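The points are numbered, and each treats one topic.

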Amino acid sequence: MTGTRTLAARETEAAVATERLAAWVIGALTAIVIGGVALVIYVPHGGHAGGSSWLPEINASLNATATILLSTGYIFIRRRRIAAHRACMIAAFVASSLFLITYLIHHAQVGSVPFHGAAWLRPVYFGLLVPHIVLAALVVPLALTTIYRAWRGRFDRHRRLARLTLPIWLYVSVSGVLVYVLLYHSG
């Protein structure tokens, strides 16, 4: 009887240690991503390349792709098509990760890109941009935790967090496309 309790206690301790490690890794990745974005945006660069890079178009395409995949994944899970849902959500995560990589590369080259659109669009642009930035930072740990919970088979906790993660991730993806349009095609 004591051996069974000891084994159960060890399994519980191992599960708690795994959850702590996952939380630490997710926190570290979040800090690295946010720090990397802040670094490439706010550290002074040589010249400003303006619109000469093709990466903003790639970034907008990856955000649009993530939007489509997230929406499709949501439809699949509502229809109980779990394997298709999983495939869409993994693909959305890959698209968003590729976006982050190309975003960092672009902004490492050009730094912050100023808004040159019409004066009346300025409040619209910043009204979209500010929540986009805040929620983009928030979606990193949310998405990583949501995916981790599914991977570990904790579907009750995955589902609860996904109800928060999905609308935020969708907003970030859609607003990313709109920010691109306003920044590069409204001037």
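1. What percentage of the contacts between residues at least 6 apart in sequence join residues at least 24 apart? In the protein the value is 79%, where contact means heavy atoms within 4.5 Å.

2. On provenance, this is a predicted model, in which local features need pLDDT of at least 70 and side-chain atom pairs count only at pLDDT 80 or more, whereas totals for chains, interfaces and linings use all residues. Residues are numbered from 1 along each chain as its sequence is written, and side-chain values use heavy atoms, with hydrogens and water left out.

3. The secondary structure consists of five helices and zero strands, in the order α-α-α-α-α from the N terminus. Helices (H or I, at least four residues) and strands (E, at least two) are DSSP runs, numbered from the N terminus. Taken along the principal axes, the box filled by the C-alpha atoms is roughly 75 × 40 × 25 Å.

4. Of the 187 residues, 34% count as buried; buried means under 20% relative accessible area, exposed over 50%, and partly exposed in between (1.4 Å probe, protein chains only). The protein exposes about 11,400 Å², and carbon and sulfur atoms supply 70% of this area, computed by the Shrake-Rupley method with a 1.4 Å probe.

5. The largest nonpolar core has 15 residues, of which L70, A92, I168 and W169 touch the most other members. Helix 2, helix 3 (82-110), helix 4 and helix 5 (155-185) each supply at least two residues of this core, and the largest share, five residues, comes from helix 5. A nonpolar core is a set of buried Ala, Val, Leu, Ile, Met, Phe, Trp, Tyr and Cys residues joined through side-chain atoms within 4.5 Å. Not counting residues up to four places away in sequence, A92 touches A66, L69, L70 and W169. A second, separate core of ten residues includes V113, F115, L128 and L182.

6. N63 lies in helix 2 (residues 55-78) and counts as buried because its relative accessibility is 6%. Apart from neighbours within four places in sequence, N63 is in contact with F99, S173, G176 and V177.

7. A137 is placed in helix 4 (residues 122-151). Because its relative accessibility is 26%, A137 counts as partly exposed. Leaving aside neighbours within four places in sequence, A137 is in contact with T30 and I34. The C-alpha atoms of A137 and V94, 43 residues apart along the chain, are separated by 17 Å.
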